[in-house]
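The following exercises concern a structure to be examined alongside its sequence. Each task is followed by a solution in steps.

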Protein chains: 2
Amino acid sequence: MNQYLAVLKNCTLFREVNPSELKEILNRMKSKIVSYPTEAIIAGEGENCDHIGIILAGEIEIQKIYSSGKTVTMARFQAGNIFGEAIIFSKQHFYPGTVVSRSATKILFLHKTAVIALCRNYPPVLESFMKLLSERILMLNKKITELSLGTIRQKICFFLLEEYKKQKSPLIKLTMSKETLAEHMGIQRPSLSRELIKMREEGLIDFKKKYITIKNLKQLEESLLE
Amino acid sequence: MNQYLAVLKNCTLFREVNPSELKEILNRMKSKIVSYPTEAIIAGEGENCDHIGIILAGEIEIQKIYSSGKTVTMARFQAGNIFGEAIIFSKQHFYPGTVVSRSATKILFLHKTAVIALCRNYPPVLESFMKLLSERILMLNKKITELSLGTIRQKICFFLLEEYKKQKSPLIKLTMSKETLAEHMGIQRPSLSRELIKMREEGLIDFKKKYITIKNLKQLEESLLE
DNA sequence: GTATTTATGTAACAAATGTTACGAATTAAA
DNA sequence: TTTAATTCGTAACATTTGTTACATAAATAC
């Protein structure tokens with residue numbers, strides 16, 4: 001077990017734990033380490049999930065496999081990553097996809113009861129676990145906000161207002177090409193260009209080279225909320 | 001404090017706690033109860049959040065207030081609900097919006113440290129807290145999946161495939177009007193009609209009254225993944 | 001059964017966005 | 001400075017979805 005100290009030390013769950021305490025934890029906690037060859041099925045979609053997995057070596061994916069044969073990768077994890085942490089405490093705790101090893105893999109499995117014991121006995125672990133889940137929620141909230149933007153104009157307004165807050169100025173400096181910006185917004189570059197020009201013609205913004213100037217902040221907000 | 005026993009008993013955090021234990025918890029935990037009149041600002045956007053709030057009475061909203069004066073309600077909470085639970089453990093723990101009372105309100109505030117102590121001493125509370133966060137993550141994941149569907153056809157395919165799984169039959173019985181279904185999908189009813197007819201003409205489905213028959217499951221999946 | 005109300009299909013048109021192609025402008029390299 | 005490469009604006013056309021209006025079908029009420 002000590003051979004994985006370095007990986008576990010970097011695992012988000014144990015990051016706030018001091019080295020001697022980590023050793024103690026490793027000695028006390030009830031876990032099992034399983035090795036998988038490449039392309040092994042670690043767990044099937046719909047199977048009960050009552051352990052978290054910490055990847056000690058290798059790489060895995062959670063895949064959605066359709067009856068048509070198509071496979072979509074939902075998530076990918078490597079050494080030091082945890083999977084299953086949001087599932088074990090949920091009401092219906094089943095895997096949302098098939099867990100597959102992409103290379104020779106070693107996984108440390110911790111049963112839910114062991115996780116609970118760990119959290120109770122080691123407050124840094126409890127906090128880290130809560131933080132892991134909380135940061136995930138905040139990240140998902142952000143993504144939903146972005147995905148909820150309907151029109152190209154709304155996406156541009158959202159972007160500009162966020163940058164205005166970040167850069168603390170109506171003069172926004174772009175750190176990427178318009179093509180890349182369009183990609184991040186999930187739209188086509190010529191469409192982005194078209195809408196930017198329209199907004200300039202309407203007097204909301206001006207732009208030149210790597211800069212966009214906000215000329216009508218209020219109208220940007222109103223367009224965002226439409 | 002005992003006067004709020006009924007509300008707290010129904011609070012998701014204490015639902016798995018037995019009555020005598022709940023009394024003990026209430027006596028031991030360090031908390032403060034604050035009363036607010038209607039339309040009072042409980043916390044401002046960007047303010048530090050290091051307490052969770054449990055609503056004992058009344059109703060609050062988290063609002064996004066724009067400089068243009070417009071207000072968007074992000075979330076609403078009533079007696080028994082908890083707010084801030086995903087924030088206190090996050091890296092940057094500030095309120096994402098302004099917390100406002102919509103009526104005369106009493107809130108029980110629990111500092112992060114008290115929450116940690118509670119979780120350590122009462123495993124049912126720990127589990128409930130984890131479950132709260134976990135269920136939220138699963139719900140947000142689901143919402144992202146739905147919001148990621150681009151075209152009307154993809155939305156229909158997704159819906160039909162989910163119902164196929166639920167109803168275990170290619171004969172899908174609709175439990176709502178097509179107008180309501182369109183609303184849930186975030187599209188217009190005539191547009192839904194149009195696409196359903198197109199899909200029928202292409203041989204993917206058939207429909208009559210309250211039933212849709214899946215005729216080409218494989219093609220539905222392929223359309224979903226485009 | 002009849003009358004009324006609601007749901008649905010459908011057509012026509014409008015609006016928004018994607019796609020393709022190419023020239024102009026800008027940036028990078030020699 | 002010149003040349004090459006990349007980025008961007010723009011036009012034309014295609015596709016998708018929204019919107020409006022109205023007729024028909026289905027469901028509900030009496």
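**Exercise 1: A loop residue**

B:Lys209 is exposed, at 75% relative accessibility (exposed means over 50% relative accessible area, buried under 20%, partly exposed in between, with a 1.4 Å probe and protein chains only). The model is predicted: local features need pLDDT of at least 70, side-chain atom pairs count only at pLDDT 80 or more, and totals for chains, interfaces and linings use all residues. Residues are numbered from 1 along each chain as its sequence is written, chains are lettered from A and ligands numbered from 1 in the order in which they are written, and side-chain values use heavy atoms, without hydrogens and water.

Task: Locate B:Lys209 in chain B and state its phi.

Solution. Step 1: B:Lys209 lies in the loop between strand S10 (205-208) and strand S11 (211-214) of chain B; strands are DSSP runs (E, at least two residues) and helices are runs of H or I (at least four), numbered from the N terminus. Step 2: its phi is positive, about 50 degrees, although B:Lys209 is not a glycine. Step 3: in chain A, A:Lys209 likewise has a positive phi, near 50 degrees, and is exposed at 74% relative accessibility.

**Exercise 2: A core residue**

Task: Determine where A:Phe14 is placed and which residues it contacts beyond its neighbours within four places in sequence.

Solution. Step 1: A:Phe14 sits in the loop between helix H1 (5-10) and helix H2 (19-28) of chain A. Step 2: its relative accessible area is 0%, so A:Phe14 is buried. Step 3: beyond its neighbours within four places, A:Phe14 contacts (heavy atoms within 4.5 Å) A:Leu8, A:Lys9, A:Leu22, A:Ile25, A:Ile54, A:Leu118 and A:Val125. Step 4: A:Phe14 and B:Phe14 touch the most other members of the largest nonpolar core, which has 96 residues; such a core is a set of buried Ala, Val, Leu, Ile, Met, Phe, Trp, Tyr and Cys residues joined through side-chain atoms within 4.5 Å.

**Exercise 3: A helix pair**

Task: Describe how helix H4 (residues 123-147) of chain A packs with helix H4 (residues 123-147) of chain B.

Solution. Step 1: the axes of the two helices are 9 Å apart, at an angle of about 25 degrees; axes are lines fitted to C-alpha atoms over the stretch in contact, and angles run from 0 to 180 degrees between N-to-C directions. Step 2: H4(A) and H4(B) are therefore roughly parallel (under 35 degrees; over 145 is roughly antiparallel, 65 to 115 roughly perpendicular, the rest oblique). Step 3: residues making the contact include A:Leu126 and A:Phe129 of H4(A) and B:Leu126 and B:Phe129 of H4(B).
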